[in-house]
Amino acid sequence: MKSDILNKSITEFWDNKIVPTLIEYIKIPNKSPSFDPDWEKHGHMDRVLDLAVKWTEKNKPDGSVITIKKSPGRTPLLLLDIPGTKDGNILMYGHLDKQPEMEGWNEDLGPWKPVIKDEKLYGRGGADDGYALFASVASVKALKEQNIDHPRILVLIEFSEESGSPDLPHYMDLCADIIGAPNLVICLDSGAGDYKRFWTTTSLRGLIGLKMKVEVLKEGVHSGGASGHVPSSFRIARSLLSRLEDEKTGEILIDELNTEIPDYRIEETKNLVSILNNEVVEEFPWKDNMKPSTNDNVEGVLRRTWKPAVSIVGVDGMPSTANAGNVLRPYTTLQLSMRIPPTANAKKAVHAMKKTLNENIPYDATVELQFEKAGEGWNAPESKPWLLEAIDKASKEYFGQMACSMGEGGSIPFMGMLGKQFPQAQFVITGVLGPQSNAHGPNEFLHIPFAKRLTCCISSIIADYK
Ligand SMILES: [Zn+2]
């Protein structure tokens, strides 16, 4: 394979076919069903599916077949089956649903407003990971141009990832014959430690979503007349939270949510920190003098990749400060996002959380717990020597640097499912979500030059498939 020709071909394909399409894609507010319960009525998902299918029809390699599955009441599934010229079965994964808007976008930017600045494409969902379908097709087409053999490749694009992939198990069953047993899974939905090399993700945390509602009164009353005698719903919620989390350290107190970190992952983290140094701290937009939870960078990275942590991501029952009367409010609802270690058992973790929050509730307040379907984490199986070599070779060729691996603190529910279902499969989990790219937050961007190099690396790895 001629790497300069591959590079040129993929660069042009990105400029001419991918970036213009991503610009159209970013304009469509195709929020995942969790954030847009009326998504079917709104029709954004249909618009995205239509855009993806039309593009794929136009650009797919000769002989490949598009299949669309759409079961009633479920988000769709898009499959592109590219017949192989040698043995093997590769599954390439991505998703076309998006996170909600979030506040805090810079004045000249916005979630549904594509803007290119300093070779970065800003807008929601371009990097996470709207580019995956298009980059996957690009990587295979570039191989075909040079008549390089490749295994059968199935590109699988789902539309419910940001809601925890609730529709995927159904489609995995429905499409079991088409999917077969993948030997290699390539996922483009993950992160990068910097923009200087090819990164692989070796672990993902699991995720438990929970709505916790604490009710103390049938209706709100004057806080002057009631506070003190009537316990505050917020104080009760706070004390329940303290059963889960040490509020001084952020440590999660429940055994079932903690696991032993494998030694080889600690070593991997030390290597990562030796490459990135203080970038592992500086990648976050700290306010003023704010400091991380630890000064030990290895421990800090492990805390966000291998340890549990809870975030309060939403609240109901509380007016904004501008509308806040002096009222003892009847209830407080908190939305909890609990990240759990890659090897924790999500079911047991949910059970333990339920038990902890339901016992001896202060003042017999009414507490309602609504758990979302928990997502398992994932710890990569050991990679075969050919794959490690192929990854390093690709990174050296297109980045001029050795590849590096890391744990990710986020979740990709499908990887957990695949790891369980196909224990013999190898994984290349990578992505363009590097420092400041801010998927899920404001000012999300796709680093275009990095995405081009990453696509070249994927071609190279597929070409070296054994
Ligand atoms: Zn994603």
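Trainee: How do the residues of the lining of the second largest pocket divide into nonpolar, polar and charged?

Mentor: The lining of the second largest pocket has 10 nonpolar, six polar and four charged residues (Ala, Val, Leu, Ile, Met, Phe, Trp, Tyr, Cys and Pro are nonpolar; Asp, Glu, Lys and Arg charged; the others, Gly among them, polar). The model is predicted, with pLDDT of at least 70 needed for local features and 80 or more for side-chain atom pairs, while totals for chains, interfaces and linings use all residues. Residues are numbered from 1 along each chain as its sequence is written, and side-chain values use heavy atoms, without hydrogens or water.

The second largest pocket holds about 420 Å³ of space (on a 1 Å grid over protein atoms alone, an open set of points with protein on both sides within 12 Å along at least five of seven lines; lining residues have an atom within 4 Å of a point). Of its 20 lining residues, T200, T202, S383, L388 and S405 are the closest to its centre. At least two lining residues come from each of β8 (199-204), α9, α13 (385-399) and β16 (DSSP runs numbered from the N terminus: helices H or I, at least four residues; strands E, at least two).

The structure also has one cavity of 30 Å³ or more (points where a 1.4 Å probe fits but cannot get out; volume is the space filled by probe spheres on points joined across faces, edges and corners). The largest cavity holds about 40 Å³, and S203, R265, E268, T269, L272, V301, T305, W306, M406 and G407 line it. Two or more of these residues come from each of α9 (263-276), α11 (297-305) and β16 (404-408), with α9 giving the largest share, four residues. This lining divides into four nonpolar, four polar and two charged residues.
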